[in-house]
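Dear colleague,

Please find below the structure that I am handing over to you. My notes on what was found in it follow.

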Amino acid sequence: MPDDRHGCSTRLDAAVRERGLDAPTGDRPDAPSANAGPRVARVPEPHVHDTFSVDGIDTKRREGLLEAVLLDHDGVSAASATERNGTVGVHHDPDLTRDDLRELLESCGLVVARGDAAFEVRRASQFASARVAVAVLFGLMVATPYIAVLYPTRIEWLFYDPVTVAYLQSILDSNVATHFFVNLGALSGIAFLVACGPIIKRALAAAAAGRVTTESVFVASVVALFGYSTLAAFTAFEGGVHYDLVAYAVVVVTLWNHFGVGETTPETAGVRDPTADAPAAADEEEPVALTDGGR
């Protein structure tokens, strides 16, 4: 579908022309602001609300075009399209089905998420964001003690004050080191299990099937490094404690999967509004819809 930001006509533009609708003024700086406040529309009491997750609303102009097309359709009392999160909300007559609205949106050149998968898509997106937050926050919590205490004792030549280095080394040689490493091990372990949960599941499934994948190698390497560090920290085994490398690996892989090669998911999903079927309050006036699309 052509990109109307480059001045090319799109299927959405064609739908507007076919209906003889007025195109929005777009993003011209001299145009009246369409976002000065929420747009208010009167919604008949029997009307219900549906929300769709779509791909293709990439400009403010398309928001206006799509809303104009929806409002021109019989049975639609209010409509809002949001570029920011790719959602379309429609108040409509119950006789107008969700499939009818989906066909209308698709006829405008938009890709509409299937209703039965939309909730799962949104939930997966939320979990992915939570995994990124866990990886980054816990990674920082592991890195900070290493930078403050462990690194100076490992690379003494970078620190001109031998007294400070000797003091830090004395901390590591005392009983305090046990609590120190317990915290680091817990933080890095939780970050690995939470942030890399889907990777661990796929690696286990691959191992059960007798296959070796990149994710399997990553999981095995992190587990081996974590085990080695735990032995070095809490037994007589002589070795370095590298919980920092575990945390760094988790952060890098999580960020790479989320922002690099990982599949992206929309922030919102096309699920039916849970309040759509709730009985309306007994009131003489018709309900009011704020159709600003969450702007």
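How many of the eight residues of strand β2 (residues 48–55) are buried? Seven of them are, where buried means under 20% relative accessible area, exposed over 50%, and partly exposed in between (1.4 Å probe, protein chains only). Helices (H or I, at least four residues) and strands (E, at least two) are DSSP runs, numbered from the N terminus.

The model is predicted: local features need pLDDT of at least 70, and side-chain atom pairs count only at pLDDT 80 or more, while totals for chains, interfaces and linings use all residues. Residues are numbered from 1 along each chain as its sequence is written, and side-chain values use heavy atoms, without hydrogens and water.

Strand β2 pairs (at least two DSSP bridges between the strands) with strand β4 (residues 87–92), antiparallel, over six bridges. Within this pairing, aspartate 50 has valine 90 as its bridge partner. Strand β2 also runs antiparallel to strand β5 (residues 111–112), joined by two bridges; here valine 54 stands opposite valine 112.

The whole structure holds five salt bridges, each defined as a side-chain nitrogen of Lys or Arg within 4 Å of a carboxyl oxygen of Asp or Glu. One of them joins arginine 98 and aspartate 50 at 2.9 Å, N to O. This pair links helix α3 to strand β2 across 48 residues, and both partners are buried.

Another joins glutamate 63 and lysine 60 at 3.7 Å, N to O; both lie in helix α2 (residues 60–72), three residues apart. Glutamate 63 is buried at 3% relative accessible area, whereas lysine 60 is partly exposed at 31%.

Yours sincerely
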